[in-house]
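Here is a quick tour of side-chain contacts, written for someone who likes to know which atoms meet which. Have a look at the sequence and the structure before reading on.

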Amino acid sequence: MNQLITMNKLLFSLLLTGSVSCGGGGGSANISEPQVSESPNLFKTLVIDGYIEGANVFVDFNFNLIQDEGEPSGIFNLTTSEYEFDSTGFGAITNFTETCGLNRPRVAQVRVGAIDSIRGVVNTAYTMMYFPHDGGTPKANVTPFTTLLVDSINRLLSDTSITVANGCASTTNSLANDIRTELNTVLTNLESNFQVGRNYFYEDFIASEDTTQQAVGEKIVDFLGTLHATEALLKETYNMGFRGMLNDEVITLILNNTPFESVTLDIQNQT
C-alpha cells in the first residue's frame, strides 16, 4: 500500500507565475529511446498537448505506472503521429492477448527535447496517463484530461505486488475491471453534475479544433511540469520514488469554466 507523506498527504498549492514552457512530469526505469516506423502495429496511441513526437510511451501491465522490464516502448509512426507496439514485444507477459493490453493503462513520458506540433520543442518534462473506461478501444488518446482522472481511481492502485509476468492474469484482469467500473461511475457523475460528456476527457481536441479545450490542456500541462519538478526534488531529498496527481478540484474548475491560476497537488511515495 502506498505510504502517504506527512499526515497521509503532502498538499502543494503552487502558483504558476510568468510563462512556463511546455512541460510536466515523471521519469522511470528502463526507458528506451523512441524509434520511428512506418508500419502499423498494436495499441495505437496519440500523445496530445499538440501531437507529441519523441515521448516514451508504454502499456502498464501491472498498474504501477512505472515502466518495468518486459513493458516495451511504443514506436512512433511519422505518418499518423501515433505510437504503435510490435505484437512480438510482449513475450514477458504470460498469456498475453491484445484484449488484455487494451484494458491496461498507457503512460506517456514526455521528455525534454520532444516536439509538440503546436508549442514546439518541449523544455520541461512531464507525464500523462490514460486509463480505459469502456472495455478498451483499439486507439487511445493520452491527454492532459485523461491524466486528470487518475486521482479518482488512485485508491485502487495500491497493490504493488503484481508482476509484469502476471499482467494478464485473472487477478489483474479483476483489478482492470474494478478500475474501469470506477471510472465509468466518475464519468457518469461528472456528466450528470456538469452536463459534459465523457468524450470531453478522451477526445482528440486537436483534430476537433477545440481551441478553448486546447488552451486549458496547455495550462494543465504546465502544472504537470511543476509536478514533475516537485517529484524530482522529493526523490533527491528522500532517496525514494514519488508520484503526484492534480487534485480533483481542477476538474470542477474546468467544467465550471472557472479561470484558475493555482492547483493543489497530491504527492505520495511509492513504497
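What follows goes through the salt bridges and then the aromatic rings.

## What kind of model this is

A quick caveat before the contacts: this is a predicted model.

## Salt bridges

Side chains of opposite charge can pair when their charged atoms come close. Searching the whole structure turns up five salt bridges. Let's walk through some of them.

Take E82 and K139, a salt bridge whose closest N and O atoms are 3.1 Å apart. This one links distant parts of the chain: E82 belongs to the loop between β6 (75-77) and β7 (83-85), while K139 is in strand β12 (residues 139-142), and the two are 57 residues apart. How accessible are these partners? E82 is buried because its relative accessible area is 7%, under the 20% cut-off. K139, at 40% relative accessibility, is partly exposed.

On the accessibility side, R119 is partly exposed, with a relative accessible area of 25%. D222 has 8% relative accessibility and therefore counts as buried.

Then there is E182 with R155, whose side chains form a salt bridge at 3.0 Å, N to O. R155 is exposed, its relative accessible area being 55%.

Back to R119 and D222 for a moment: which residues end up in one network with them? Salt bridges with shared partners join D49, R119 and D222.

## Aromatic rings

A pair of aromatic rings is described by the distance of the centres and the angle of the planes. With ring centres within 6.5 Å counted as a pair, the model has 14 aromatic pairs. Which phenylalanines do ring pairs link into a cluster? They are F43, F61, F85, F90 and F96.

## A charge over a ring

One more contact brings the two themes together. The charged end of K219 sits over the ring of F260, at 5.0 Å from the ring centre.

Methods. Residues are numbered from 1 along each chain as its sequence is written. This is a predicted model: local features need pLDDT of at least 70, side-chain atom pairs count only at pLDDT 80 or more; totals for chains, interfaces and linings use all residues. Side-chain values use heavy atoms; hydrogens and water are left out. Rings of Phe, Tyr and Trp (its six-membered ring) pair if their centres lie within 6.5 Å; planes under 30 degrees apart count as stacked, over 60 as edge-to-face and the rest as tilted. A charge sits over a ring if NZ of Lys or CZ of Arg is within 6 Å of the ring centre and within 35 degrees of the ring normal. A salt bridge is a side-chain nitrogen of Lys or Arg within 4 Å of a carboxyl oxygen of Asp or Glu. Helices (H or I, at least four residues) and strands (E, at least two) are DSSP runs, numbered from the N terminus. Buried means under 20% relative accessible area, exposed over 50%, partly exposed in between (1.4 Å probe, protein chains only).
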